[in-house]
Amino acid sequence: MEKTRMRPSPHRLTHLRAAGVSLVVDIGSDAPAVLHWGRDLGDLSEESLEALRLTDSTARLHNAPDLPRRFALVPGERHDWMGVPGLSGHRGGSATTPRPVLADATVRDDDGRGGEIVLTFADPVSAVTIVQRIAMEPTGIVAVTMSVESTDADAPPYDLASLVAQLPVPGRAGEILDFTGKWSRERHPQRTPVRDGLHAREVRRGKPGVDSPYLMAVGTPGFGSRHGEVWAMHVAWSGDQRWFVERLPEGAGAASSVLGGGELLRPGEIRLGAGEGYVSPTVLFAWSDAGLDGVSERFHERVRGDRRRPGAQPLVLNTWEAVYFDHDVPRLLELVDRAAGIGVERIVLDDGWFRGRRHDRAGLGDWQIDTSVWPDGLGPIVDRVRGHGMQFGLWFEPEMVNLDSDLARTHPDWILGPVAGLGSSSRHQYVLDIAHPAAFSYLLDAISALVERYSIDYLKWDHNRDLVEAVRRTDGEAPGVHTQAVAFYSLLDALRERFPALEIESCASGGGRIDLGVVSRTDRVWTSDCNDPVERQTIQRWSELLLPPELLGSHVGAERSHTTHRSADLSFRLATALFASAGIEWDITLCTDDELAALGRWADLYRETRGLVATGIRVHADLPDDQTLLHGSVAPDRSRALFAWARLATSPAGQSGRVRLPGIDRDATYRVCVRDELGMPALHQGEGPAWFDIARSGGIELPGVVLAEAGVPMPTLDPGQALVLDLTMTSRR
């Protein structure tokens, strides 16, 4: 339908639909409201829409406003909303309570494939104009972006305190899931009931952080991977953030709670003169009646559809845990030769190649090759990599600086921090003010020179500390977190414009900057610094709630983990990395012939199956035992599936009982094989179930209804073991 422009009129109801989701918005009053967000309501008649509007008005309570409350799209005290306001700010010394009134609306209906509603509000009290864009995407995700512009030329600047997007959720959504974590233990789930009041998470690290809420979901109590109704939200922004669920005792119309978020602004960070504006990050809302896997499927489809180069990633070897700062050229060349021999496709030279960088206390900021280590530049390693037909990547940490660097000594004003003196360092480093025009130009030119000189294919972009006391020395010590995030995006955009083929990985002490704002500008994320497969199984499970697995870097490390010092069998390490963007983080010059042969078989299996993982639908079984995991990738037409059955630790039960394989076609027959290229896992029993013994000796055909509905007993594995099942459809009823 062609975009139409209209003025608000009584009972003007807009119904957008996509991928089994309905969004109904009443724009017929000066305070538009969402009447329904969730299950597809079908082709509603005008009478049904009017009934929906009528039933949004609930009873007027005792000791309450004389008109029933209603949750507006830009809520505030004018609407008797006592919760988090949609807009807050002030001018000079005068506080203002916003009174936004709908002035104009534009609707685009894409006839069952979504559409967009653009609402313009005039606020004569605050002297601002607010524009809210609500897009129903073809994936069924609702994307909300807001902007505010100051309109009073005679008044002091408008200090914006907050501008957040919120959508209502019904009373049956009684449980909250979000995430926390720490270094090498990112994205661990935590649950809490929805209670009266505000459940709020605020990120004040200048990046999402390793304890990022990541995705905030509200659902029917006990919702899991494959069951329950879920409403979820993600703030697609790489700076400070706000996330919240709020329920007031009196409710707000038919809404019981609200789910919302946006950028967390520091005081004085956004100060708008006449004609100046601010655009919020996009906040993404997803609904599913098929549990968390249904939410994931929507986000995965969105991310995959937005990638510059969709599909699987090359097999990579990163040099960090192989050599650390010891950049001995002959040793690195031998590492490259060994990598080529087992099928590696990309070599990434990590930290330690630039001037003065023999340890982590010096050198950051001096992005020139250290000729004391690399007398011939990087040419020898680049030539060796190219000679084997592999790609070459290089590590940078552009936003950070060591005080022991020529950059810091020459340009101390480029460091984010108070003029009176910097606070404590973290990892012996400080933050560079990349919004400073000269600092920005320096970084862009320094990185570009190396990319151009060596035709670099790939940048690993790190960010190893939080932003603390992040004020700009050259801008009157104004808050610098927002401008830093904007400059970071601009720097990525400028590099991508100069080098369209260049790929970039987002790394931040491992998984500290993983969000859909940075993912829209990068090609891979480093999921965690922890390569311990016991930890990695959980980290990857929850990381792929938002991101498809082909974006999640997962590397096979040495037997004894660098981060946990736990030892793990090679087969378990290989199986864990198979279901992600796989790589190696290991000094393979020390490997035995048997280990190299196993890595070669795994590399072949990765190349065979990575297309399925990169296009398949991710599924996770709901199991009563939290020490066992069953996850897989199922082809969209369900013709093939790859599953991992993993055990993290011992369990009270000696047997699994029947376990259902999710996502496959119950009306088909599948040939089930155990992939033994990684080595057979150790069993915590005398022998496996009968079907498993046949599957491991050549394969077995089983009906989909048995696999998907009745389930099959799985072998009991020893702790720290995993097996890979490969299912191929042979027939269908």
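Q: Which residue stands opposite Val556 in β34?
A: The residue opposite Val556 is Ile584. The model is predicted: local features need pLDDT of at least 70, side-chain atom pairs count only at pLDDT 80 or more, and totals for chains, interfaces and linings use all residues. Residues are numbered from 1 along each chain as its sequence is written, and side-chain values use heavy atoms, with hydrogens and water left out.

Q: Why is the unit of β33, α11 and β34 called right-handed?
A: A crossover carries that name if, with the strands pointing away from the viewer, the path from the first strand over the helix to the second runs clockwise. The β-α-β unit of β33, helix α11 (residues 570-578) and β34 is right-handed, so its path runs clockwise in that view. Another right-handed β-α-β unit consists of β32, helix α10 (residues 533-543) and β33.

Q: What makes β33 (residues 552-557) mostly covered?
A: Six of its six residues are buried, a word that stands for under 20% relative accessible area, with exposed over 50% and partly exposed in between (1.4 Å probe, protein chains only). In a regular strand the side chains alternate between the two faces of the sheet. Leu552, Ser554 and Val556 lie on one side of β33, and Gly553, His555 and Gly557 on the other.

Q: Why does Arg242 count as buried?
A: Arg242 has 16% relative accessibility and therefore counts as buried. This residue lies in strand β18 (residues 241-247). Among the residues that Arg242 touches are Val84, Arg201, Glu202 and Glu263, where contact means heavy atoms within 4.5 Å.

Q: How do you know that Arg242 and Ser162 make a polar contact?
A: Such a contact is a pair of N or O atoms within 3.5 Å; within protein, one must be able to donate a hydrogen and the other to accept it, and residues adjacent in sequence count only if both atoms are side-chain atoms. The side chains of Arg242 and Ser162 make theirs at 2.8 Å, so the distance lies within the cut-off.

Q: What makes β8 and β9 paired strands?
A: Nine bridges join β8 (residues 115-123) to β9 (residues 128-136) in an antiparallel arrangement, and at least two are needed. Val118 has Arg133 in β9 as its bridge partner. In their hairpin, with four residues between the strands, Ala127 takes a positive phi near 55 degrees.

Q: How do you know that the radius of gyration agrees with that of a compact globule?
A: The radius is taken over C-alpha atoms, and the globule rule is 2.2 Å times the number of residues to the power 0.38. For 733 residues the rule gives a value near 27 Å, and the protein has 27 Å, so the two agree.

Notes
Helices (H or I, at least four residues) and strands (E, at least two) are DSSP runs, numbered from the N terminus. Lists of a residue's contacts leave out its neighbours within four places in sequence.
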